[in-house]
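Visitor: I am new to reading protein models. Could you take me through one, feature by feature?

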Amino acid sequence: MKKKVKGFQTGDIVKAVVTSGKKVGTYTGRVAVRKSGSFNIKTVDKTVQGISWKYCRLLHASDGYSYNTTC
């Protein structure tokens, strides 16, 4: 069983800058990966679903601790 999808795994902190489509914007938060490469990002106030891995940049790899992302 693979633990990573496109270099990301559930629990990583990512920053996604979406430049086109319905969900244009910048999102920073905890990622939940899917095998398809379309991720969910849980920000401080909401969960954004269906963000492509191509828009994501890893800020902090999952290490078992929980971090607050207030940016």
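Visitor: Which residues is Q9 in contact with, leaving aside its neighbours within four places in sequence?

Guide: This is a predicted model, so keep that in mind throughout. Leaving aside neighbours within four places in sequence, Q9 is in contact with K3, K4, V31, V33 and S62. Q9 itself sits in the segment before β1.

Visitor: Is Q9 buried or exposed?

Guide: Buried means under 20% relative accessible area. Q9 has a relative accessible area of 18%, so it counts as buried.

Visitor: Now the strands. How many bridges join β1 to β2?

Guide: Six bridges join them, and the two strands run antiparallel. Strand β1 covers residues 13-18, and strand β2 covers residues 25-32. Find the partners across the pair. A16 stands opposite Y27 in β2. V18 stands opposite G25 in β2.

Visitor: What lies between β1 and β2?

Guide: The two strands form a hairpin, with six residues between them. In the turn, G21 has a positive phi of about 100°.

Visitor: Where is T26, and what does T26 touch?

Guide: T26 is found in strand β2. Not counting residues up to four places away in sequence, T26 touches K15, A16 and V17. Compare sequence and space here. T26 and K15 are 11 residues apart along the chain, and their C-alpha atoms are separated by 7.1 Å.

Visitor: Which strand pairs with β1 over four bridges?

Guide: That is strand β5, residues 56-60, again in the antiparallel sense. V14 has L58 in β5 as its bridge partner.

Visitor: Is L58 buried or exposed, or in between?

Guide: In between. L58 is at 39% relative accessibility, so it counts as partly exposed.

Visitor: What does L58 touch?

Guide: Leave out residues up to four places away in sequence. L58 then touches F8, D12, I13 and V14. L58 and T28 are 30 residues apart in sequence and 9.9 Å apart in space, C-alpha to C-alpha.

Visitor: How does β2 connect with β3?

Guide: Three bridges join β2 to β3, which run antiparallel.

Visitor: Which way do side chains point along a strand?

Guide: In a regular strand the side chains alternate between the two faces of the sheet.

Visitor: Which residues make up the largest nonpolar core?

Guide: It has 12 residues: V5, F8, V14, A16, V18, Y27, V31, F39, I41, V48, I51 and C56. β1, β2, β3 (38-42) and β4 (47-52) each supply at least two residues of this core. β1 gives the most, with three residues.

Visitor: What does A16, one of the core residues, touch?

Guide: Not counting residues up to four places away in sequence, A16 touches G25, T26, Y27, I41, I51, Y55 and C56.

Visitor: Last, pockets. What volume does the largest pocket have?

Guide: The volume of the largest pocket is about 250 Å³. Its lining has 17 residues. Of these, G11, I13, R30, S66 and Y67 lie nearest the centre of the pocket.

Visitor: How does the lining of the largest pocket divide by class?

Guide: The lining has five nonpolar, nine polar and three charged residues.

Terms used: Residues numbered from 1 in each chain as written. Predicted model: local features only at pLDDT ≥ 70, side-chain atom pairs only at ≥ 80, totals over all residues. Heavy atoms only, no water. 1 Å grid on protein atoms, 1.4 Å probe; cavity = no way out; pocket = protein on both sides within 12 Å on 5 of 7 lines; lining within 4 Å. Points joined across faces, edges and corners; volume = space filled by probe spheres on them. Nonpolar A, V, L, I, M, F, W, Y, C, P; charged D, E, K, R; others polar. Pairing = 2+ DSSP bridges. Core = buried A, V, L, I, M, F, W, Y, C linked by side-chain atoms within 4.5 Å. Buried < 20%, exposed > 50% of the residue type's maximum accessible area, 1.4 Å probe, protein only. Contact = heavy atoms within 4.5 Å.
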